Amino acid sequence: MTKPPVETKLMNKALDYLGRYNTSEHRLREVLRRFALRRLYKHNPDKIAKVISATVTRCQKLGYLDDDAFAKSQARSHRLQGRSKIGIRQRLRQHRLDDNIIDVALDAADQHTKNSELLAACLFARRRRLGPFDRREYEDTNDRETNIRRQLGSLARAGFNRAISYTVIELENMHAAEILIDQLEKGEDIKI
């Protein structure tokens, strides 16, 4: 019994990976390149590079690989997790996606809300228990102020601007925050 050719091995690896993960063209190329370094090191590197390109092209033609759909899916998922536009843009750039593709994906993720950054910041605060979602009791005002600065820093590192960060942190209580989230999810325009 003969061993399958390089083309078959790489296509099988690509299909196995794409069957488990939604990914970008860049990421699939990296996976195939690492696979070739581990398993196909006896073959000519130039031939391997050509076969990897042909495999990626074939996956695109078959509809298994679509950077536009990948970007939209990731942007939508990250928005639901409470990620900022800046954070999502950075994550999508790691996949070597074009800025136009990223812009379209962000617009698609934000089409149902008027103030998507505020909604994302509220979701981020709820997930990380910041601001009104912080259940700790503070005996000393210095401890409370220190904690507020720490929470504002957390929101800033996540990519939210100062006005949105202060709006979220200064919400009265968890009930008010949940009402705001509900209003934003319904598409109401909330001014900050």
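# Salt bridges and surface patches

R126 has a relative accessible area of 33% and counts as partly exposed (buried is under 20%, exposed is over 50%, and partly exposed lies in between, with a 1.4 Å probe and protein chains only). This is a predicted model: local features need pLDDT of at least 70, side-chain atom pairs count only at pLDDT 80 or more, and totals for chains, interfaces and linings use all residues. Residues are numbered from 1 along each chain as its sequence is written, and side-chain values use heavy atoms, without hydrogens and water. The count of salt bridges comes to 11 (a side-chain nitrogen of Lys or Arg within 4 Å of a carboxyl oxygen of Asp or Glu).

**R126 and E178**

- R126 forms a salt bridge with E178, and the closest N and O atoms are 2.9 Å apart.
- This pair links distant parts of the chain: R126 sits in helix α7 and E178 in helix α10 (residues 174–185), 52 residues apart. Helices are DSSP runs of H or I with at least four residues, strands are runs of E with at least two, and both are numbered from the N terminus.
- E178 is partly exposed, because its relative accessibility is 29%.

- D110 forms a salt bridge with K85, with 3.9 Å between the closest N and O atoms.
- The two ends come from distant parts of the chain: D110 is in the loop between α6 (99–109) and α7, K85 is in helix α5 (residues 85–93), and 25 residues separate them.

**R89 and D103**

- R89 forms a salt bridge with D103, its closest N and O atoms being 2.7 Å apart.
- R89 lies in helix α5 and D103 in helix α6, so the pair ties together parts that are 14 residues apart in sequence.
- R89 is partly exposed at 22% relative accessibility, and D103 is partly exposed at 32%.

**Surface patches**

- E139, D140, D143 and E145 form a negative surface patch. Patch residues have over 30% relative accessible area and no salt bridge; like charges are joined within 9 Å, and nonpolar side chains (Val, Leu, Ile, Met, Phe, Trp, Tyr) within 5 Å.
- Asp and Glu count as negative, Lys and Arg as positive, while His and the chain ends are not counted. A charge is placed at NZ of Lys, CZ of Arg, CG of Asp or CD of Glu.
- D140 is in the loop between α7 (116–128) and α8 (141–157). Its relative accessibility is 35%, so D140 counts as partly exposed.
- L15, L62 and Y64 make a nonpolar surface patch of about 290 Å². Accessible areas come from the Shrake-Rupley method with a 1.4 Å probe, and for residues only the protein chains shown count as cover.
- L15 belongs to helix α1 (residues 6–20). L15 is partly exposed, with a relative accessible area of 35%.

**Cysteines and buried positions**

- The structure holds 0 disulfides (a pair of cysteine sulfur atoms within 2.5 Å).
- C59 is buried at 0% relative accessible area. C122 is buried as well, at 1%.
- A121 is in helix α7 and counts as buried, because its relative accessibility is 0%.
- A121 and F133 are 12 residues apart in sequence, and their C-alpha atoms are 12 Å apart in space.
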